[in-house]
Amino acid sequence: MLAIQSSKVFGVGAFSKIRPAFTASRLRLYATGPATVPAGKVKYVPTSGEYPTGYKVGGIHCGVKKDGKSLDLALVISDLPASAAAVFTKNVFKAAPVVLSRETIDNRSGRGIRGLVANSGCANAVTGKGGLEDGIAMGKEVDKLVGESKPSTIIMSTGVIGQRQVTSLPIQKILTGIPKAHEILGSTHESWLSTAKAICTTDTFPKLASHVFTVGPHTYRIAGMAKGAGMIHPNMATLLGFMATDAPVEPAALSSILTYAVERSFNAISVDGDMSTNDTVAILANGAAGGPAIKEGGQGYEELKSIVTKFAEDLAKLVVRDGEGATKFVTVAVKDARTFADAKQVASTIARSPLVKTALYGRDANWGRILCATGYSGVEGVVPEKTNVSFIPTDGSAELKLLVNGEPENVNEERASEILAMEDLEIRVTLGTGGGQEAVYYTCDLSHEYVTINGDYRT
C-alpha cells in the first residue's frame, strides 16, 4: 500500500497540509526481503495461496546483486509442455530477453513452452551481440534441464540498462545458478514467494497473487507475479509480469485473452511516464488440471477472459501501489466518452501529467490541471460545456464536485484536502459526449523521494 509512513505539517497559504516527511530512512533498498517491506505494505504480501498444478518454481541468490544474499534469479518450470503468450515493449531499444522470448514463442506458435528464467540486477538491454549471446545461454541452460533441444524458455531480465553481463550481470554466475535453482524448485507458497522476490529491484515488496476459479464444471487455478516501481508507463506491456494457470487453453485463445487483459491492466498504469526497454508480460497454460481445451470464441473463452483480466488488473495495481516515492494510489476514471480508446487516452494523459501528480502529492485540489490534461489529450469531440470533474473518496462519503457542465463549483478546500490525504482516491472525469464508453487508469503521486531514488539509482 502507498502508506504514509511518517508525516510533517507544513503551512501553505491559508491551509495546513500534511506531507510525507522525507528522510533517509524512507529510501528504498535495491533488494526485497521480509525485513525490508515497509509496515504499511506488509498487508499486500500474501501469507498463503492456492497455486496451479504442474508448476515448480523458486528463487535463489546467484551473485548478480552485490550484497551477497538478495534473491536475483527466478526459475519457473512446467511439468507439461504449455501454451504460451506474451506482450512486449514497443520501445525501439528492445532488450535481448525481449527479442529472444518473442522469437521462441513465435517459432513454437505458442506451443510447447517449458519454463521461464529471470534475473534481477541487470537489464541486459542495449548490450549488443554479447547481450543476445548471454540471453541465449540462459535459455539453453534451462532447456537442457527439461530435456528440450530447441528453445522452449521465456527469458526476462530487469535492472540497470546498458551494462553488459561481464560486469553487472556475470553470466557465468547465472549459468551456474540455474541448475542450483532447479534443485530447490517447489510448488509451495514459500517457493512462489521466493520467485516473486527474485525479480524485484527497487520494489519494496514482492508482488504475488493466486486465485481459484471455475469454467463450467472444471476448477482451475491461476498464479502470477510482477515487478516494477519505476520506469512505468506502458505501450503493449509494462515492467515484468508473469501468470500461470493449469487450465487447458489453445495458444490463439491465450494470446487474444492476454492482449485484452493487458490493455485493461498492465497497459492502464503509470508511475512516471517512462516505458522500459524490457517490458514483458507472459502467461503459461499447461492444462494439468484437465478438461477440454478452451478455444478462441468457444465454450469457456469469455469466462476465462474475464478472470484473467481481473487477475491481471489486481497484479498491475500492486505495481502502482509500490510506485517509487509514491504516497497515494489514484484511480483516474473517464466516463461517457465516444469510444473506449478515447476514454483511455484521456485517462492516460491525466495519469501521467507531472502537474497533476505533484498536486496530488501536495494535496492541492488544483483541478484545473486535470482539465488542462483532458484538453490536450488529443481526443476529439470533448465538449467543455458538458465536462464534469469530481474527487471520489474511498471511504464511502459523498463525491466532491469540482466542475459541473463546464462551470466551476465553489470548492470546499478543507474537504478537498481531507480527500487528498487519503491513501486511495478517484479522479472522475465525465466527458458528456453521449457515447457512454469508459476506461480507468491507475497512477500515483510524484514526490521528492522519486527524484532522490532515480538520481541515486546507480550510486
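Visitor: How many bridges join β10 to strand β17, and how do the two run?

Guide: In this predicted model, β10 is joined to strand β17 (residues 437-444) by two bridges, and the two strands run parallel. Within that pairing, I269 has Y442 of β17 as its bridge partner.

Visitor: OK, and what order do the strands of that sheet come in?

Guide: Seven strands make up an open sheet, and their order is β10-β17-β12-β16-β13-β14-β15, with mixed pairing. The edges are taken by β10 (269-270) and β15 (407-408), each of which has a single partner strand, so one side of each is left without a neighbour in the sheet.

Visitor: Which strands does helix α6 touch when it packs on the sheet?

Guide: Helix α6 (residues 301-321) touches β10, β12 (329-337), β16 (424-430) and β17, and its direction makes about 40 degrees with that of β17. Helix α8 (residues 354-361) also packs on the sheet, touching β10, β12, β16 and β17, with its direction at about 140 degrees to that of β16.

Visitor: Let's go to the other end of the sheet. How many residues lie between β13 and β14 in their hairpin?

Guide: There are six residues between β13 and β14, and G396 in the turn has a positive phi of about 90 degrees. The strands themselves, β13 (residues 388-393) and β14 (residues 400-404), run antiparallel and are joined by three bridges, with F391 standing opposite L400 of β14.

Visitor: And β14 with β15, in which sense do they pair?

Guide: β14 and β15 pair in the antiparallel sense, over two bridges, and L403 stands opposite P408 in β15. These two strands also form a hairpin, with two residues between them, and N405 in the turn has a positive phi of about 50 degrees.

Visitor: Switching to helices: at roughly what angle do α1 and α2 cross?

Guide: The axes of helix α1 (residues 96-107) and helix α2 (residues 128-146) cross at roughly 50 degrees and come within 9 Å. The two helices are therefore oblique to each other, and α1 passes α2 in a right-handed crossing.

Visitor: Which residues make that contact?

Guide: From α1 the contact uses A96, V99 and L100, while α2 supplies G131, L132, G135 and I136. By residue class, the contact of α1 with α2 divides into five nonpolar, two polar and no charged residues.

Visitor: What about α7 and α9, how do their axes come together?

Guide: The axes of helix α7 (residues 340-351) and helix α9 (residues 367-375) come within 8 Å and cross at roughly 135 degrees, which makes α7 oblique to α9. The crossing in which α7 passes α9 is right-handed.

Visitor: Which residues meet there?

Guide: V346, T349 and I350 in α7 meet I370, A373 and T374 in α9. The residues of that contact of α7 with α9 divide into four nonpolar, two polar and no charged.

Visitor: Last topic, confidence: what is the mean pLDDT of the protein chain?

Guide: The mean pLDDT of the protein chain is 86, and 85% of its residues reach 70 or more. Over residues 1-34, however, the pLDDT is below 50, although this stretch has 106 contacts in the model beyond near neighbours in sequence. Residues 230-238 also have a pLDDT below 50, and that stretch has 52 contacts beyond near neighbours in sequence.

Visitor: How should predicted coordinates be read where pLDDT is low?

Guide: Where pLDDT is low, the predicted coordinates should not be read in detail.

Notes: Residues numbered from 1 in each chain as written. Predicted model: local features only at pLDDT ≥ 70, side-chain atom pairs only at ≥ 80, totals over all residues. Heavy atoms only, no water. pLDDT = per-residue confidence, 0-100. Contact = heavy atoms within 4.5 Å. Axes fitted to C-alpha atoms, helices over the stretch in contact; angles between N-to-C directions. Helix = DSSP H or I, 4+ residues; strand = E, 2+ residues; numbered from the N terminus. Parallel < 35°, antiparallel > 145°, perpendicular 65-115°, else oblique. Left-handed = near helix turned anticlockwise from the far one by under 90°. Nonpolar A, V, L, I, M, F, W, Y, C, P; charged D, E, K, R; others polar. Pairing = 2+ DSSP bridges.
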